[in-house]
Amino acid sequence: MLLRTAPLLPLLSSISLSVSLLRSISSSPWIFHRTLKTMDLPPPESTSTGPPQAAPSSPGKGSDPGLLPGETVVREGKAAILFPSANEVFYNPVQEFNRDLTCAVITEFAREVLAQRGVKVEVSGEREPVVVSLSEEQTGAEQSGAEQSGAEPEEHTGADEQTEETEETNGGEKPVEIARAGERCESGLRVLEGLAASGLRSVRFALEVPGLCSVTANDFSAKAAALIARNAQYNNVSHLVEASCKDASLLMYEKRGRKDRYDVIDLDPYGSPSPFIDAAVQAVSEGGLLCITCTDMAVMAGNSGETCYSKYGSVSIKSKFCHEMALRIILHSLDQRAGVYQRYIVPLLSVSVDFYIRVFVRVFTGQANVKNSASKQALVYNCVGCGSFHFQRMGRRTSNGKHMKYSAATGPPVGPECEHCGHRHQLGGPVWAEPIHEPSFVQRVLSSVSVTPTRFGTSRRIQGVLSMITEELEDVPLYYTVYNLSSTIHCNTPPLLQFRSALLHAGHRVSLSHACKNGIKTDAPPKVIWDIMRCWVRTGGHLTCWEEDANPQSRKKHLTRFQENPQAFWGPKARAKAGGGISTNLQDKSKKFQNKRKMTDSSELKKLPCKKFKQGTCQYGDQCCYSHDPQLLDQIKPQ
């Protein structure tokens with residue numbers, strides 16, 4: 001027996017020595033971190049595009065549930081999502097920009113909020129720390145000084161962090177807690193995704209946003225909730241992501257207590273978010289973040305003004321500035337519902353891209369500030385002839401020393417007919433008439449994305465859109481379009497830069513709009529704009545004035561501001577079926593059931609079923625141009 005175990009003694013002694021060494025190292029977290037770094041072990045969070053590997057460290061976490069028949073793996077960002085081939089759970093790859101932007105916004109929001117709680121947010125890949133407390137002038141001066149000296153930005157290592165924490169500990173201050181993506185932070189943010197579907201957004205939050213305490217991924221569908229749990233396990237984030245199967249409104253109503261509220265609530269419904277707004281403004285914490293998406297642009301852009309009023313309390317009108325007006329309509333609805341509970345909103349970022357709009361607002365409580373809500377809303381008078389618009393504030397606010405006096409507004413700002421073309425005005429609103437962005441916050445998000453361009457798949461587009469937003473006139477609502485001004489007086493369209501130069505030469509401010517490629521925001525009155533157009537016509541299409549500031553920096557740098565659709569039929573997808581099953585492709589359905597009158601070949605019409613024959617009212621018999629085939633007739637849905 002001794003002869004058999006003698007060769008194993010050196011091996012056993014080495015194993016016992018390694019175990020004792022690991023126990024001693026684990027008692028000191030900084031030594032453990034530096035030891036792992038010297039051993040060149042792979043990081044715990046992989047950024048590869050392959051499927052995540054199972055972590056055998058803890059039972060029930062990180063184990064691979066495996067793919068069910070018909071399932072595929074959808075990869076976006078750092079997440080790999082199990083997705084059923086049948087349309088049981090909604091997923092739209094078009095909104096990757098939406099999810100990337102949301103991760104960037106929540107990261108900066110967490111950096112700002114957690115700094116007050118003594119937590120430092122650390123983003124992997126950031127070479128330069130984004131300091132929140134410094135002003136833009138100081139940050140710009142430091143960066144210019146570093147560029148002039150030719151010094152490279154310093155990278156913070158574990159030794160630097162250890163020195164900082166040691167100094168604070170020796171000085172008697174509380175050590176700074178480091179929050180990293182993928183790790184649970186006890187003092188971190190509590191996030192709710194009310195309509196999670198496959199859970200892709202929640203999993204990406206857990207993998208890419210640092211400083212999170214928990215992420216609740218809720219969906220009313222039981223199949224979606226089960227898929228969320230499997231996706232959390234597949235991506236090794238079960239310690240952060242919690243699957244929930246409840247009605248989103250009821251779940252938020254249950255969390256109205258001060259200690260139960262969420263720090264971040266994300267709502268991305270299929271259609272209108274109006275049924276969830278009332279619960280959302282109550283369930284978000286003090287100073288919390290609301291992320292709202294609206295995809296019912298047909299309603300908010302003026303096609304159904306009465307429907308828009310029933311959902312958002314505002315009448316939409318058909319106009320060239322409809323996309324920005326849609327942003328102001330949803331902000332008005334949020335502020336109106338928040339005011340019922342003595343709360344008010346502060347918009348951080350509002351974007352209109354592709355086929356939807358997205359707003360990020362903070363919600364605060366304060367009765368004195370709620371009184372200002374009436375003066376922040378306005379009605380819109382839009383001329384149906386020339387497109388000139390005017391605003392009528394809903395309330396009036398005047399400062400009286402230390403006190404604020406509130407009174408009714410006086411109006412209207414226009415006469416019965418337009419002074420420029422003589423046409424009538426149409427009335428829309430009320431809409432949010434205050435700034436829809438916070439420039440300092442947008443600049444911080446832009447700086448963070450620019451420092452780590454490989455962090456998101458749509459980083460180039462995020463930089464382009466945010467750069468345009470930082471250049472917008474924040475105190476000028478809505479915009480004009482040059483081609484609409486030209487079509488009104490039936491003339492050639494002036495070049496965009498020449499028209500901007502004319503406005504600048506006249507002493508007015510002007511900027512572009514991220515919501516429209518040819519949109520122009522200016523504080524010039526309509527009279528000045530039409531004077532410039534008359535001058536353009538009289539001179540035969542020549543405006544001699546030229547200003548250097550007419551071409552914005554985002555245009556000079558050729559940033560991706562208005563991205564072309566990468567593929568055909570780029571837009572909203574079909575709604576997920578409650579019972580599952582593969583839904584008919586939208587474009588195939590469009591080709592089959594639309595444009596029937598344009599078919600001149602009778603053989604093509606024979607491929608379509610005859611509805612009157614199924615109802616028993618067809619009088620043409622065999623001479624009918626449509627088919628009486630029973631198999632085709634079964635495709636007709638009952639009325």
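1. In this predicted model, Arg-509 has a relative accessible area of 37%, so this residue is partly exposed. Its salt-bridge partner is Asp-475, with the closest N and O atoms 2.9 Å apart. Arg-509 sits in the loop between α19 (496-505) and β18 (510-513), and Asp-475 in the loop between α17 (459-471) and β17 (480-481), so the bridge ties together parts 34 residues apart in sequence. Asp-475 is also partly exposed, because its relative accessibility is 47%.

2. Salt bridges number 24 in the structure. Those with shared partners connect Glu-76, Arg-99, Asp-100, Arg-204 and Glu-208 in one network.

3. Arg-204 belongs to helix α7 and Asp-100 to helix α4 (residues 96-115), so parts 104 residues apart in sequence are tied together. Arg-204 is buried because its relative accessible area is 1%; for Asp-100, also buried, the value is 0%.

4. Arg-204 also forms a salt bridge with Glu-76, the closest N and O atoms being 2.9 Å apart.

5. Beyond its sequence neighbours up to four places away, Phe-205 touches several residues, including Thr-102, Ile-106 and Leu-212.

6. The largest nonpolar core has 69 residues, and Leu-290 and Phe-499 are among the members that touch the most others. Helix α13 (residues 322-339) gives the largest share, 8 residues. A second, separate core has 55 residues, among them Val-105 and Cys-291.

How values were computed:
Residues are numbered from 1 along each chain as its sequence is written. This is a predicted model: local features need pLDDT of at least 70, side-chain atom pairs count only at pLDDT 80 or more; totals for chains, interfaces and linings use all residues. Side-chain values use heavy atoms; hydrogens and water are left out. A nonpolar core is a set of buried Ala, Val, Leu, Ile, Met, Phe, Trp, Tyr and Cys residues joined through side-chain atoms within 4.5 Å. Buried means under 20% relative accessible area, exposed over 50%, partly exposed in between (1.4 Å probe, protein chains only). Helices (H or I, at least four residues) and strands (E, at least two) are DSSP runs, numbered from the N terminus. Contact means heavy atoms within 4.5 Å. A salt bridge is a side-chain nitrogen of Lys or Arg within 4 Å of a carboxyl oxygen of Asp or Glu.
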